[in-house]
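Me: Please take a close look at the site around the ligand in this model. I want the contacts, the pocket and its lining in one connected account.

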Amino acid sequence: MPEPGHIGGDNLFARLQAQLEARGLVGIQPGPVDDAPTPGEPGHPEYHRRRRADWALSRWQTATPFRYQQATATHPAVKQWADQAATDPRTAGFLLLTGTFGTGKTHQAYGALRRIAEAGPSRYEVIALTAPDMYALMRPGGSENGPEHEVKRLMRIPLLLIDDLGTEKISEFTEEATYRLLNERYNECRPLIVTSNLPASAPQGPTLADRLGERIASRLSQMTTVVEMVGADRRRGAA
Ligand SMILES: Nc1ncnc2c1ncn2[C@@H]1O[C@H](COP(=O)(O)OP(=O)(O)OP(=O)(O)O)[C@@H](O)[C@H]1O
Ligand SMILES: [Mg+2]
């Protein structure tokens, strides 16, 4: 009689052993089970980063004009700013690209936005527009939703690019609209990219501060990475 709790007893164990031996299944040691996902499988952080990056890049493509669809950030300071904006947007501050015509400001600006998308951020929403288009939107009757709605949208969007700031004639309206927008983004520490033909500072001649007013220039001067693009007009070089 087998002891209570000892089902089958030694006899059963011996029979099982014999059957395993008959099938050649003795001596097999159980190994560790490696079921950790690879970078190509769901569950791996890299897999999910790539999924977010694909989605962000499709948003970037929609926001980017055809001419700049191939744009990549090549300037070291632009790359560094974009990396910061991707990992910790609230500490990135503003990026101001200045320089004369055709030096590649707009190219670097869209390149920076692409680099942020490629990093696969948890949130990627972007508006990119020229300053004249922005003012047109903000004017009464300039959009279906009304100017206040547009200003709020530009204030709150996680990523904003204003291309060619300072080219248009400044009016009380444009100064006020620019001030409200930049001040809100400044207060909330939301990233902003601005390109301008006007320099941030110059010994003589007009600067961005002269054109936009000191209130705005003062906000632009703090926490702003200023990148001066130099070189010949790339458009003429290509002609
Ligand atoms: N790094 C680059 N590689 C290849 N093409 C470039 C690069 N930078 C700029 N370009 C091209 O050169 C031309 C001028 O560049 P871009 O439009 O960026 O200049 P910009 O400084 O914004 O000029 P503007 O002040 O007139 O607006 C564009 O056709 C752009 O696609
Ligand atoms: Mg440009």
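Reply: Ligand 1 is surrounded by 13 residues, counting a residue as near if one of its heavy atoms lies within 4 Å. The closest are Tyr-68, Gly-102, Lys-105, Thr-106 and His-107. The model is predicted: local features need pLDDT of at least 70, side-chain atom pairs count only at pLDDT 80 or more, and totals for chains, interfaces and linings use all residues. Side-chain values use heavy atoms, without hydrogens and water, residues are numbered from 1 along each chain as its sequence is written, and chains are lettered from A and ligands numbered from 1 in the order in which they are written.

By class, the shell around ligand 1 has 2 nonpolar, 7 polar and 4 charged residues. Here Ala, Val, Leu, Ile, Met, Phe, Trp, Tyr, Cys and Pro count as nonpolar, Asp, Glu, Lys and Arg as charged, and the others, Gly among them, as polar.

Now the polar contacts, each a pair of N or O atoms within 3.5 Å. The side chain of Tyr-68 has an N or O atom 2.5 Å from an oxygen atom of ligand 1. Thr-103 uses its backbone: an N or O atom there lies 3.2 Å from a ligand 1 oxygen atom. A side-chain N or O atom of Arg-234 is 3.3 Å from a nitrogen atom of ligand 1. On its own, ligand 1 has 630 Å² of accessible area, and the protein covers 80% of this. The areas come from the Shrake-Rupley method with a 1.4 Å probe.

Two elements give two or more residues to the shell: α5 (105–118) and α11 (234–238). α5 gives the most, with 3 residues. Helices are DSSP runs (H or I, at least four residues), numbered from the N terminus.

Ligand 1 sits in the largest pocket, as more than half of its atoms lie within 2 Å of the pocket's grid points. A pocket is an open set of points on a 1 Å grid over the protein atoms alone, where a 1.4 Å probe fits, with protein on both sides within 12 Å along at least five of seven lines; lining residues have an atom within 4 Å of a point. The volume of the largest pocket is about 530 Å³, taken as the space filled by probe spheres set on the points. Its lining has 24 residues, and Tyr-68, Gly-102, Gly-104, His-107 and Arg-235 are the closest to its centre. α5 gives the most to this lining, with 4 residues. The lining divides into 7 nonpolar, 11 polar and 6 charged residues.

Technical notes: Polar contact = N/O pair within 3.5 Å; in protein donor to acceptor, adjacent residues only side chain to side chain.
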